[in-house]
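Reader: Hi! I have a few quick questions about this one before I set anything up. Could you put it on screen and walk me through it?

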Amino acid sequence: MKYRIVSDSSSNYLISEGHVDYRTVPLKILIEGKEYSDEIGLNTEEMVLAMERSENATFTSCPNTQEWLNAFEGADGIFVITISSKLSGSYNSAMQAAEIYMQEHPEAKVHVIDSAMTGAGMQLIIEKLNELIGRDLSFDEIRILITEYHSHLELIFTLESLANLAKNGRVNPAIAKVAGLLGIHFLGKAVDGKISQQKICRGQKHVISAAAADMIKTGWKGGKVIINNCLNYQRAEKLKEALLKEYPNADIRINSCTGLCSFYAERGGMIIGFEV
């Protein structure tokens, strides 16, 4: 069986470091009439700056069915990971593509995973799939084991800016403005695939300690952690340092947000996926 892992670009994982064939399907971000495709070569800082300068709502669009089909072509054991179905139509589009592909290729198996998360959480799933496929297990064995692993993942995020959320009608503009003036940071969590606010923190130091405390309270005991940061590597490093004080041997990695995750996190934000 020729295995392939496919994700939409919200995984923040555009190039795989694993041994399994891997493809991404880009989401798009529309700002002031210009489309930014979330793929290798995107100037994320330029996109974030355009988002900050825009006074109008910005939009995203998910991959269409044909884009998913193109990514499946040539493989017969395919695992697909999408951003939460509560945030995007990407999952529904991937499911339609999977049905079509298996009808056209009766020998193929396609399993679509609604991550109920984005960014770092999806990357952890991708890395685990690489490991499981490397163990020479059957497709169905991998499907069962990745479902079990998925149930032990959590995602939290920190936001420094609410400007884009306000422009898109998700936050009161007055609250977003006051938060910016007062240096307020927001700590949130992925709950049932939706964004849920957990705490309001005053200043960078407070939000880092609150994030570390929330992870431990949620059940993190030194498992893998991936920290996506939007144009603020230094803050991600401080969170890593805080976590290593609790579990010095923990596998904690930092990477930069690509386009879609930058759209959600905004400048200074972090998306943290971890094992519990």
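Author: Happy to, and note that this is a predicted model. Let's begin with R23, which is partly exposed, its relative accessible area being 32%.

Reader: Which residue does R23 form a salt bridge with?

Author: The partner is D21, and the closest N and O atoms of the two are 3.3 Å apart.

Reader: Nice. How many salt bridges does the structure hold?

Author: There are 13 salt bridges in the structure. One of them joins the side chains of E160 and R235, with 2.7 Å from N to O.

Reader: Where do E160 and R235 sit in the chain?

Author: They come from distant parts of the chain, 75 residues apart. E160 is in the loop between β8 (153–159) and α6 (163–167), while R235 belongs to helix α9, residues 233–246.

Reader: Is R235 buried or exposed? And what about E160?

Author: R235 is buried, because its relative accessible area is 2%, under the 20% limit. E160, with 33%, is partly exposed.

Reader: What about K189, which residue does it pair with in a salt bridge?

Author: K189 pairs with D214, and the closest N and O atoms are 3.4 Å apart. K189 is in strand β9 (residues 184–191) and D214 in helix α8 (residues 204–218), so this pair ties together parts that lie 25 residues apart in sequence.

Reader: Buried or exposed, those two?

Author: Both K189 and D214 are buried.

Reader: Going back to D21 and R23, what network are they in?

Author: R4 joins D21 and R23 in one network, built from salt bridges that share partners.

Reader: Okay, switching to sheets. What is the strand order in the open sheet of four strands?

Author: The order is β2-β1-β6-β7, with parallel pairing. The edges are β2 (22–25) and β7 (109–114); each has a single partner strand, so one side of each has no neighbour in the sheet.

Reader: How much does the twist average from one strand to the next?

Author: The average is 20°.

Reader: And how many bridges join β1 to β2?

Author: Four bridges join them, β1 being residues 3–8, and the two run parallel. In β2, Y22 is the bridge partner of I5.

Reader: Which strands does helix α2 lie across?

Author: Helix α2, residues 65–72, lies across β1, β2, β6 (77–82) and β7, and it runs at about 150° to β1. Helix α4 (residues 120–133) also packs on the sheet, where it touches β1, β2, β6 and β7.

Reader: What angle does the direction of α4 make with that of β1?

Author: About 180°.

Reader: Good to know. Last topic: why is β8 described as largely enclosed by the rest of the structure?

Author: Because six of its seven residues are buried.

Reader: Which strand do six bridges join to β8?

Author: That is β13, residues 270–275, running antiparallel to β8. There, E275 is the bridge partner of L153.

Reader: And how does β8 pair with β9?

Author: Those two pair in the antiparallel sense too, over four bridges. L159 stands opposite F186, which is in β9.

Note on methods
Residues are numbered from 1 along each chain as its sequence is written. This is a predicted model: local features need pLDDT of at least 70, side-chain atom pairs count only at pLDDT 80 or more; totals for chains, interfaces and linings use all residues. Side-chain values use heavy atoms; hydrogens and water are left out. A salt bridge is a side-chain nitrogen of Lys or Arg within 4 Å of a carboxyl oxygen of Asp or Glu. Buried means under 20% relative accessible area, exposed over 50%, partly exposed in between (1.4 Å probe, protein chains only). Two strands pair if DSSP finds at least two bridges between them. Axes are lines fitted to C-alpha atoms, for helices over the stretch in contact, and angles run from 0 to 180 degrees between N-to-C directions. Contact means heavy atoms within 4.5 Å.
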